[in-house]
Every structure is written in C-alpha cells, then in structure tokens.
Amino acid sequence: METLRIDRTTYNQDEFAMRCGIPRATYQRWIAGKAEARLTLGQLKSLCRELGIIKVEDLPDGFGIQNRLFESE
C-alpha cells in the first residue's frame, strides 16, 4: 500500500492517513508491519478512492513497501 501511496499520490503519510480517516500512528504501524490493518468500510472506500483502485483484485496484500520487480532484458 505504501508503494501505491508514493506512486499514485502527492500526499505524505500524514496527509494520506488523514484523507482516508486513519490515525497517523495507526497507518505508520501498518506500513511498518507492527500491526495488522483492520479498516472500517469507510476507510477502505476512502483508501481506494485516494489510490484510484476500482477492483478489489487491485488491492495489494500488505501495507508496507513492496519490492518492485524489474523485468530482465
């Protein structure tokens, strides 16, 4: 999720969390892997709206920074 925030928005962590209705400290624990994300439906909808996610299948499995795969030539 953190990779999507960086790639798809201009918001810093604080702004993104606020726009999604998630306390900043909670969001930071999620992306650090210190707590499991448990979003309300409203938070999930806001998160998807902010990231431009339309289909559930497009949601990543985790909140932390994910390794990017680079294609070999």
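The model is a prediction, in which local features need pLDDT of at least 70 and side-chain atom pairs count only at pLDDT 80 or more, while totals for chains, interfaces and linings use all residues. Residues are numbered from 1 along each chain as its sequence is written, and side-chain values use heavy atoms, with hydrogens and water left out.

The protein chain has four helices and zero strands, and from the N terminus on its elements run α-α-α-α. Here, helices (H or I, at least four residues) and strands (E, at least two) are DSSP runs, numbered from the N terminus. Of the 73 residues of the chain, 33% count as buried. Buried means under 20% relative accessible area, exposed means over 50%, and partly exposed lies in between (1.4 Å probe, protein chains only). Among contacts with a separation of 6 or more, 57% come from residues 24 or more positions apart; a contact means heavy atoms within 4.5 Å.

In soluble globular proteins, nonpolar side chains tend to be buried together. In this model, the largest nonpolar core has 14 residues, and Met-1, Phe-16, Ile-22, Tyr-27, Leu-47, Leu-51 and Phe-63 are those with the most contacts inside it. Such a core is a set of buried Ala, Val, Leu, Ile, Met, Phe, Trp, Tyr and Cys residues joined through side-chain atoms within 4.5 Å. The largest core draws two or more residues from each of helix H2 (13-19), helix H3 (24-32) and helix H4 (41-51).

Helix H3 buries Thr-26, Tyr-27, Trp-30 and Ile-31. Seen down the axis of H3, these buried residues fall within an arc of 130°, so they line one face of the helix; the arc is that of the directions from the helix axis to the C-beta atoms. What covers the buried residues of H3 includes helix H1 (2-8) and H2. After H3 comes Gly-33, whose phi is positive, near 80°. In H4, the buried residues are Gln-43, Ser-46, Leu-47, Cys-48, Glu-50 and Leu-51, and they pack against H1 and H2. H4 is likewise followed by a glycine, Gly-52, with a positive phi near 70°.

Next come the aromatic rings. A search of the whole structure finds one aromatic pair. Phe-16 and Tyr-27 make up this pair, which is edge-to-face, with 5.6 Å centre to centre and 65° between the planes. Rings of Phe, Tyr and Trp (its six-membered ring) pair if their centres lie within 6.5 Å, and planes under 30 degrees apart count as stacked, over 60 as edge-to-face and the rest as tilted. Phe-16 lies in helix H2 and Tyr-27 in helix H3, so the pair ties together parts that are eleven residues apart in sequence. Both Phe-16 and Tyr-27 are buried.

Charged side chains also pair up, and the count comes to four salt bridges. A salt bridge is a side-chain nitrogen of Lys or Arg within 4 Å of a carboxyl oxygen of Asp or Glu. One of them joins Glu-2 and Arg-5, with the closest N and O atoms 2.6 Å apart. Glu-2 and Arg-5 are three residues apart in helix H1 and thus separated by about one helical turn, and both are buried. For Glu-2, the relative accessible area is 3%. The side chain of Glu-2 also makes a polar contact of 2.5 Å with that of Tyr-27. A polar contact is a pair of N or O atoms within 3.5 Å; within protein, one must be able to donate a hydrogen and the other to accept it, and residues adjacent in sequence count only if both atoms are side-chain atoms.

Another salt bridge brings together the side chains of Asp-14 and Arg-24 (3.5 Å, N to O). Asp-14 lies in helix H2 and Arg-24 in helix H3, so the pair ties together parts that are ten residues apart in sequence. Asp-14 counts as partly exposed at 40% relative accessibility, and Arg-24 is partly exposed with a relative accessible area of 45%. Finally, Arg-49 forms a salt bridge with Glu-50, the closest N and O atoms being 3.7 Å apart. Arg-49 is exposed, at 55% relative accessible area, whereas Glu-50 is buried, at 13%. Arg-49 and Glu-50 belong with Arg-19 to a network of salt bridges.
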